[in-house]
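User: Hi! Could you walk me through this one? I'd like to start with the surface, so please say first how the area is defined.

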Amino acid sequence: MTRRLAVLVLALLPCLPLGPLAAVSAQAQPAAAKGPCQPVEFEGQPYTVCTVDLRRERVRLFWLGTDGLPYGSLSSLAERQGARLGFAMNAGMYDKGQAPVGLYVEDGRELKGVSTANGPGNFHLKPNGVFYVKGDRAGVLDTPRYLRAKPAPDFATQSGPMLVIEGKIHPKISTDGPSQKIRNGVGVRDGGRVAVFAISERPVTFGAFARLFKDSLGCRNALFLDGSVSSLYAPGLGRSDLSRPLGPLVGAVAK
């Protein structure tokens with residue numbers, strides 16, 4: 001009787017409810033990413049890449065809220081934009097007052113002019129460049145070409161240096177230099193119909209970051225946005241990075 005009872009109990013075990021430990025284990029499994037942002041590995045380094053088809057979503061820039069003050073953080077932007085905001089990240093270098101260092105255009109209004117000045121730091125590692133959006137197309141051009149093209153964009157932000165210029169890595173970026181930081185940037189492909197944003201999950205060199213856009217993401221032109229302060233809001237990944245006060249932000253919103 002005892003043996004027959006044991007067999008019966010074993011037969012019923014698969015039908016019993018999950019115990020506490022099994023339930024915790026099941027809940028701990030990572031959910032599939034939703035939205036435009038996905039994890040990517042390249043050269044053994046982890047990145048998050050957010051890909052936006054401008055025919056389906058709108059890429060736009062944000063700096064000042066309706067109160068005339070900078071949004072300042074991704075969480076503030078997400079709170080004000082709500083569920084329509086698919087993702088966002090910092091969108092270029094800024095001064096102590098959180099104002100853009102170079103060109104900044106929002107809703108067709110030029111709020112800060114193009115900078116062609118020389119100086120220290122990444123922004124002035126010439127050529128720097130401009131990411132811009134006009135209608136359902138985006139572009140990345142080095143600053144001299146942008147000034148010649150005069151695209152009259154809906155949105156634009158200037159930063160630097162360029163990472164990839166017409167399929168070649170910026171000539172002043174070494175293969176793997178000593179500087180390693182969390183970095184973010186943007187490139188375009190498919191004739192400007194697709195904008196590709198990336199952020200490193202660990203400190204990487206300029207060379208590694210440039211190769212990501214050129215060799216993995218297929219961008220003939222790509223622009224460095226910033227380092228150290230690089231931050232991402234990706235609700236599909238359950239992610240909203242904290243950071244020091246930020247200047248311009250870029251995001252994808254529903255059309």
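Analyst: Happy to. Accessible areas here come from the Shrake-Rupley method with a 1.4 Å probe. On that basis the protein, which is a predicted model, exposes about 12700 Å². Carbon and sulfur atoms supply 56% of that area.

User: And what share of the residues is buried?

Analyst: Buried residues make up 47% of the 255 in the protein.

User: Thanks. How many helices and strands are there?

Analyst: There are five helices and 17 strands.

User: In what order do the strands of the open sheet run?

Analyst: The order is β3-β17-β4-β15-β16, with antiparallel pairing. The edge strands, each pairing on one side only, are β3 (57-62) and β16 (239-240). As for helices, α3 (residues 74-81) packs on this sheet and touches β3, β4, β15 (232-234), β16 and β17. The direction of α3 makes about 155° with that of β4.

User: Nice. How many bridges link β4 and β17?

Analyst: Five, joining β4 (residues 85-90) to β17 (residues 249-254) in the antiparallel sense. If you want a pair to look at, A88 has G251 as its bridge partner in β17.

User: Switching to the core: which residues touch the most other members of the largest nonpolar core?

Analyst: That core has 30 residues, and V59, F87, M89, F131, F197, L232 and V250 touch the most other members. Strand β13 (residues 194-200) gives the most to this core, with three residues. There is also a second, separate core of 22 residues, which includes V164, V194, F209 and F213.

User: What does M89 touch?

Analyst: Leaving out residues up to four places away in sequence, its contacts include L74, N184, F197, I199, L225, L232 and V250.

User: Now β12. Is that strand mostly covered or mostly open?

Analyst: Mostly covered: six of the seven residues in β12 (residues 183-189) are buried. Six bridges join β12 to β14 (residues 221-227), and these two strands run antiparallel. β12 also pairs with β13 in the antiparallel sense, over six bridges.

User: Which partners does V188 have in β14 and β13?

Analyst: In β14, the bridge partner of V188 is N221, and in β13, the partner of V188 is A195.

User: And where does the positive phi sit in the β12 and β13 hairpin?

Analyst: At D190, with a phi near 55°. The hairpin has four residues between its strands.

Technical notes: Residues numbered from 1 in each chain as written. Predicted model: local features only at pLDDT ≥ 70, side-chain atom pairs only at ≥ 80, totals over all residues. Heavy atoms only, no water. Buried < 20%, exposed > 50% of the residue type's maximum accessible area, 1.4 Å probe, protein only. Pairing = 2+ DSSP bridges. Contact = heavy atoms within 4.5 Å. Axes fitted to C-alpha atoms, helices over the stretch in contact; angles between N-to-C directions. Core = buried A, V, L, I, M, F, W, Y, C linked by side-chain atoms within 4.5 Å.
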